[in-house]
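This report goes through one protein chain, beginning with a single residue and ending with the chain as a whole. Please keep the sequence and the structure in view while reading.

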Amino acid sequence: MSARKIVVYDTTLRDGAQGPAVSFSAADKERIARLLDRLGFDYVEGGFPGSNPKDEELFARLAAQPLYHARLAAFGATRRANGRCEDDANLNALIESGSQVWTLVGKSDGWQVANVLQTTNNENLAMIEESVAYGVGLGHEVIFDAEHFFDGYARDAEYAIEACLSAARAGASWVVLCDTNGGSTPDAIRDGVEAMRKALAEAGSHARVGIHTHNDCELAVANTLAALDAGARQVECTINGIGERAGNAALEEVIMAMQVRSDRLPYDTGIRTQELYHSSQLLSEITGVSVQPNKAIVGRNAFAHEAGIHQHGVLSNPLCYEIMTPESVGAPENRIVLGKHSGRHALASRYQQLGYELSVDELDDIYHRFTELADKKKRIYDQDLIALLSQEQPSCGSGMTTSVSTQN
């Protein structure tokens, strides 16, 4: 694998589905999985096929008509019962689906081991190693997600790393370091990734490091990028950043940050960025959960401009105030929104689109009346602009929202 290649692992259908108010049918999951496949993901995590009937149906659908590019992963946990891993059902579902990837989550924080698993650190290490070896022995690729790694690293770095080394010794292809509670910072993420890579190298392991972050402190994307900078080569993320609590690292933000700042983040993913906006819209349609208007990349206002100085710059050259083009993510063209912060250039441009060429004096006179109206109304319509020309009382009824669209 090229040193520039970043493997992209989508967990929208598993971790994203665990988010509040999110529910997918098997048909929904298949529709999203095939979209993710077209986007260019390396892995798509389908869920728990051994314990969730809807996920079993998804795996059956994808067995009948497999994904073209992405590898389908099932999710399980490290457990033992009578000396054997309890996730036989997940593994059997993998065999039946034709998939060969099992993502196994295990504790890497001693505090969590004692309080959640209520077992000893050594028993947890043995459980990790046995579970990974069991999956590998059946011919599967096993990815180990080290739950609470960064909490564990802060409490006892040696044990957190040893938990991952147990998985690597048993044959895990990736050890994915998880900021499960979303409380880490980029410097802590960088330290943990660097320490884990060093430990794997010293152990002679071929396992590689991945990253899985949550957004409780609005740092999921920043933490993911810090991990890449420190040498992680797999990112786990979701469309629109959906997921537990405040969500996961948003795919579209991680990908476009790498593209926009390729000088600092010189990586390749193979993701078709022109599909990002469509993917976001489709997910919102299926879940009924819309992204906030000011959401980066895919929000309604991501390419909208109201401030006069910004509008002037964008009308001259969109790149004055846009670090990427709407077309690069498949979004509608940028919008000049007329409001109380708009300037004369934007107003004149909209009048030109309506077929009116105004002199400097006419524009100046109308602009003052326009700003007075904009202070009173939240939305300015084309009919209002026409009324301003004839000095009639502008109507407050419904109509087409005034906007100027510019081609990049």
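A residue counts as buried when its relative accessible area is under 20%. The model described here is predicted. In this model, Thr224 has a relative accessible area of 1%, so Thr224 is buried.

Thr224 belongs to helix α8, which covers residues 220-229. A polar atom of the Thr224 side chain lies 2.9 Å from the backbone oxygen of Ala220. Leaving aside residues up to four places away in sequence, Thr224 touches Ile211, Thr213, Val235, Ala249 and Val254.

## Asn240 and its loop

Asn240 sits in the loop that runs between β8 (234-237) and α9 (251-260). Is Asn240 buried or exposed? The relative accessible area of Asn240 is 10%, so Asn240 is buried.

Which side chain makes a polar contact with the side chain of Asn240? The partner is the side chain of Ser280, at 2.7 Å.

## Leu251 in helix α9

Leu251 is part of helix α9. Its relative accessibility is 0%, and therefore Leu251 counts as buried. Setting aside residues up to four places away in sequence, Leu251 touches Val8, Leu39, Phe41, Cys237, Thr238, Ile239 and Leu276.

Leu251 and Gly241 are 10 residues apart along the chain. The C-alpha atoms of these two residues are separated by 6.7 Å.

Helix α4 covers residues 110-117, and Asp109 caps its N-terminal end. A side-chain oxygen of Asp109 lies 3.1 Å from the backbone nitrogen of Trp111. After α4 comes Gln118, which has a positive phi, near 55°.

Glu123 is found in helix α5, residues 121-137. The relative accessibility of Glu123 is 41%, so this residue counts as partly exposed. Between the C-alpha atoms of Glu123 and Val113 the separation is 9.3 Å, and the two residues are 10 residues apart along the chain.

## How α6 and α7 pack

Helix α6 (residues 149-169) packs with helix α7 (residues 186-202) at an angle of about 30°, and the two axes are 10 Å apart. Because of this angle, α6 is roughly parallel to α7. The crossing of the two helices is right-handed.

Which residues meet where α6 and α7 are in contact? From α6 they are Phe149, Phe150, Tyr153, Ile161, Cys164, Leu165 and Ala168. From α7 they are Ala188, Ile189, Asp191, Gly192, Val193, Ala195, Met196, Ala199 and Leu200. By type, the residues of this contact divide into 14 nonpolar, one polar and one charged.

## The chain as a whole

How many helices and strands are in the protein chain? There are 15 helices and 11 strands. The protein chain has 408 residues, and buried residues make up 53% of them.

Contacts can also be sorted by how far apart the two residues are in sequence. Among contacts in the protein chain with a separation of 6 or more, 73% are accounted for by residues 24 or more positions apart.

Conventions: Residues are numbered from 1 along each chain as its sequence is written. This is a predicted model: local features need pLDDT of at least 70, side-chain atom pairs count only at pLDDT 80 or more; totals for chains, interfaces and linings use all residues. Side-chain values use heavy atoms; hydrogens and water are left out. Axes are lines fitted to C-alpha atoms, for helices over the stretch in contact, and angles run from 0 to 180 degrees between N-to-C directions. Helices (H or I, at least four residues) and strands (E, at least two) are DSSP runs, numbered from the N terminus. Angles under 35 degrees count as roughly parallel, over 145 as roughly antiparallel, 65 to 115 as roughly perpendicular and the rest as oblique. A crossing is left-handed if the near helix is turned anticlockwise from the far one by less than a right angle, and right-handed if clockwise. Contact means heavy atoms within 4.5 Å. Ala, Val, Leu, Ile, Met, Phe, Trp, Tyr, Cys and Pro count as nonpolar, Asp, Glu, Lys and Arg as charged, and the others, Gly among them, as polar. Buried means under 20% relative accessible area, exposed over 50%, partly exposed in between (1.4 Å probe, protein chains only). A polar contact is a pair of N or O atoms within 3.5 Å; within protein, one must be able to donate a hydrogen and the other to accept it, and residues adjacent in sequence count only if both atoms are side-chain atoms.
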